[in-house]
Amino acid sequence: EESKLVADSDGLLNSITKRWRKNDGQPLSVCEGSATEKVAAISKSQYLSHVFQQALPSPKDSITIYGWSIGKQDTHILHQLALSKCPRAAVSVFVGNKTEDAIKSEISQMRKMLKEYAGIESVEFFDAASAGCWNHAG
């Protein structure tokens, strides 16, 4: 089921956050299965199809990625992003209780995936809990 959320006077991000906190809907995503299964699920959603087929491959100077670990099962997204010829990205990293070595390993893997599958070589990483990220007051 799909629905459209319209921004209120606080803005779209605040509207999404309010609904999410009330457990009244949440951002749309496909979280399960292989890349092939995900592409099949994407094709069943008008919104996700538009993002996948039009928004991702459209030319862009940069992209910000928040809340995505960029795994092997997501190469279909990276292939679409590669079509955009996007040269740089800012990527959030959820630090949580991870060790410094685990964080470095995660960053290394994400950097490798972005370069190998999307052709993005200039990547900046930031703490997902940073002030201003996804309306995080922190």
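The model on the screen is a predicted one.

Let me start with the order of things. Reading from the N terminus, the elements go α-α-α-β-α-β-α-β. The chain has 138 residues, and 28% of them count as buried. Its exposed surface comes to about 9,200 Å², with carbon and sulfur atoms supplying 52% of that area. If we take contacts between residues at least 6 apart in sequence, 63% of them join residues at least 24 apart.

Now the sheet. Strands of a sheet pair through backbone hydrogen bonds, and the pairing is either parallel or antiparallel. Which order do the strands take in this open sheet? The order is β1-β2-β3, and the pairing is parallel. β1 and β3 are the edge strands, each pairing on one side only. From one strand to the next, the twist averages 15°.

Next, one pair in detail. Strand β2 covers residues 88-93, strand β3 covers residues 122-127, and six bridges join these two parallel strands. To get from β2 to β3, the chain passes through helix α5, residues 100-118, in a right-handed β-α-β crossover. Two of the bridges can be named by residue. Arg 88 has Ser 122 in β3 as its bridge partner. Val 93 is partnered with Asp 127, also in β3. As for helix α5, it lies across β1, β2 and β3, and runs at about 150° to β2.

Where does Tyr 66 sit? Its place is the loop between β1, residues 62-65, and α4, residues 75-82. Is Tyr 66 buried, exposed or partly exposed? Its relative accessible area is 35%, so Tyr 66 is partly exposed; the category runs between the 20% and 50% cut-offs. The side chain of Tyr 66 reaches the backbone oxygen of Ala 128 at 2.9 Å. Tyr 66 and Ser 92 are 26 residues apart along the chain, yet their C-alpha atoms are separated by 5.0 Å.

Most residues other than glycine have a negative phi. Ile 70 is not a glycine, but its phi is positive, at about 55°. Ile 70 is in the loop between β1 and α4. Ile 70 counts as buried because its relative accessibility is 1%, and the cut-off for buried is under 20%.

The other one is Lys 85. Its phi is near 60°, again a positive value in a residue other than glycine. Lys 85 belongs to the loop between α4 and β2. Why does Lys 85 count as exposed? Because its relative accessibility is 68%, and exposed means over 50%.

To recap: a predicted model, an open sheet of three strands in parallel pairing, and a right-handed crossover through α5 from β2 to β3. Ile 70, with its positive phi, is buried, whereas Lys 85, also with a positive phi, is exposed. That is all I have.

Notes
Residues numbered from 1 in each chain as written. Predicted model: local features only at pLDDT ≥ 70, side-chain atom pairs only at ≥ 80, totals over all residues. Heavy atoms only, no water. Pairing = 2+ DSSP bridges. Helix = DSSP H or I, 4+ residues; strand = E, 2+ residues; numbered from the N terminus. Right-handed = clockwise from strand over helix to strand, strands pointing away. Buried < 20%, exposed > 50% of the residue type's maximum accessible area, 1.4 Å probe, protein only. Polar contact = N/O pair within 3.5 Å; in protein donor to acceptor, adjacent residues only side chain to side chain. Axes fitted to C-alpha atoms, helices over the stretch in contact; angles between N-to-C directions. Contact = heavy atoms within 4.5 Å. Areas by Shrake-Rupley, 256 points an atom, 1.4 Å probe, with all protein chains shown as cover.
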